[in-house]
Amino acid sequence: MAIYQALLELADDHLVLGHRISEWCGHAPMLEEDLAMPNMALDLIGTSRTLYEHAGELEGKGQSEDDLAYLRGERDYRNCLLVERPNEDFAHTMLRQLYFAAFMYPYWIAAEKSSDEVVRGVAGKAQKEMAYHIRHAGEWVIRLGDGTDESATRMREAVDALSIYVDELFDSSPAAQEAEAAGVLPKRADLRAEWDKTIAQVFDEALLTLPAVPFAQRGGREGLHDEGLGHLLAEMQSVYRAHPGARW
Amino acid sequence: MVNTTPLWEVFIRPRNGLAHKHVGSLHAADEIMALQAARDVYTRRGEGNSVWVVPSAAITASDPDQAEENFEPTGDKIYRHPTFYEIPEEVGNM
């Protein structure tokens, strides 16, 4: 049951961020990014699907990936707070992506040693996707941070707004701790040095500094979310809730 | 006003051993962003394993008004086509 919960946390991170980026589809400032962002969204949603399906099987109560994605309310969602932050502008969107990918890349590399075959399978595929997300988001952060007065201002605002959600990435809930002890999932706290290194490299070129965070925001793993997640889920789940059991 | 996202031409090699082929164009701030955009726009369905991007401004094109003098003189020189040789069967498809 703990492993089921821990997999749900991981799947929720990917689905919520995937949905957030997909909100840019049709609204990006240029055609090239209008394709790049759905590409990243589909990477994340694809990973979440495999994790939900596997979690449902481990739970053994017949819950499908659709049931898990579309029939849980925001208090049942266990994603970290970073991934549900609104898109705001390109600075926020790309920094959020960089923060998350810089965490997930070493996570999946470590997960190649998982005792769980499905997790190992996801790890092999997802680490390549995360390597690209780091590159793509990182190059944007560099260009916006070291760009015009306005882009640099917006980039600094994004850093101030999002950095308070970073520490939560490295916390392990009781469920995650059990999954880590069982060798199913990597220990989140161990990934901090790698994350710091990736961000430092990008920030150095982007002329940005990571602020000290005296009071980090936490609560996502206990189901305590910002109001925005409710709106996101309402939109994402509306079709399935209007047509329960619908298949596509 | 400076054009912050100039045009780039995209070339993709579908497989090892084949040549890069022109597939289209895109706008990007610089060569790194152009390569990423090319990957995102033109390789979503497994189209290739190598991408080139070239600034469109770097391409010199032939003048359409000179098309007749450029290309028509070859029309009657059929002896340049390799169709006058007998190819031994052992060679197979050329």
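These legends describe close-up views of a predicted model.

**View 1. The model and its confidence scores.** The model is predicted: local features need pLDDT of at least 70, side-chain atom pairs count only at pLDDT 80 or more, and totals for chains, interfaces and linings use all residues. Residues are numbered from 1 along each chain as its sequence is written, while chains are lettered from A and ligands numbered from 1 in the order in which they are written. The ipTM is 0.85 and the pTM is 0.92. Chain B has an average pLDDT of 91. In chain B, 97% of the residues score at least 70. Here pLDDT is the predictor's confidence in each residue, from 0 to 100.

**View 2. Helices α1 and α8 of chain A pack at an angle of about 110°.** Helix α1(A) covers residues 2-22, and helix α8(A) covers residues 174-181. Their axes lie 8 Å apart. Axes are lines fitted to C-alpha atoms, for helices over the stretch in contact, and angles run from 0 to 180 degrees between N-to-C directions. The angle makes α1(A) roughly perpendicular to α8(A). Angles under 35 degrees count as roughly parallel, over 145 as roughly antiparallel, 65 to 115 as roughly perpendicular and the rest as oblique. From α1(A), the contact uses A2(A), I3(A), Q5(A), A6(A) and E9(A). From α8(A) come A175(A), A176(A), E178(A) and A179(A). Residues are in contact if their C-beta atoms, placed from the backbone, lie within 7 Å. Six residues of this contact are nonpolar, one is polar and two are charged. Ala, Val, Leu, Ile, Met, Phe, Trp, Tyr, Cys and Pro count as nonpolar, Asp, Glu, Lys and Arg as charged, and the others, Gly among them, as polar.

**View 3. Chain B holds an open sheet of three strands.** The order is β2-β1-β3, with antiparallel pairing. Helices (H or I, at least four residues) and strands (E, at least two) are DSSP runs, numbered from the N terminus. Strands pair if DSSP finds at least two bridges between them. β2 (21-27) and β3 (50-55) of chain B are the edge strands; each has a single partner strand, so one side of each lacks a neighbour in the sheet. The twist averages 30° from one strand to the next. Helix α1(B), residues 31-42, packs on the sheet and touches β1, β2 and β3 of chain B. The direction of α1(B) makes about 130° with that of β3(B).

**View 4. Strand β1(B) bridges to both β2(B) and β3(B).** Six bridges join β1(B), residues 7-13, to β3(B). Six bridges also join β1(B) to β2(B). E9(B) stands opposite V54(B) in β3(B). W8(B) has P55(B) of β3(B) as its bridge partner. F11(B) pairs with H22(B) in β2(B). The covered face of β1(B) carries W8(B), V10(B) and I12(B). The uncovered face carries L7(B), E9(B), F11(B) and R13(B).

**View 5. N49(B) sits in the loop between α1 and β3 of chain B.** N49(B) is exposed, with 12 other C-beta atoms within 10 Å. A residue is buried if 20 or more other C-beta atoms lie within 10 Å of its own, exposed if 12 or fewer, and partly exposed in between. Leaving aside neighbours within four places in sequence, N49(B) contacts R13(B), R15(B) and N16(B). The C-alpha atoms of N49(B) and R15(B) are 6.3 Å apart, though 34 residues separate them along the chain.

**View 6. Chain B touches chain A.** The contact takes 12 residues from chain B and eight residues from chain A. On the chain B side, α1(B) gives the most, with six residues.

Terms used
Two residues are in contact if their C-beta atoms, placed from the backbone, lie within 7 Å.
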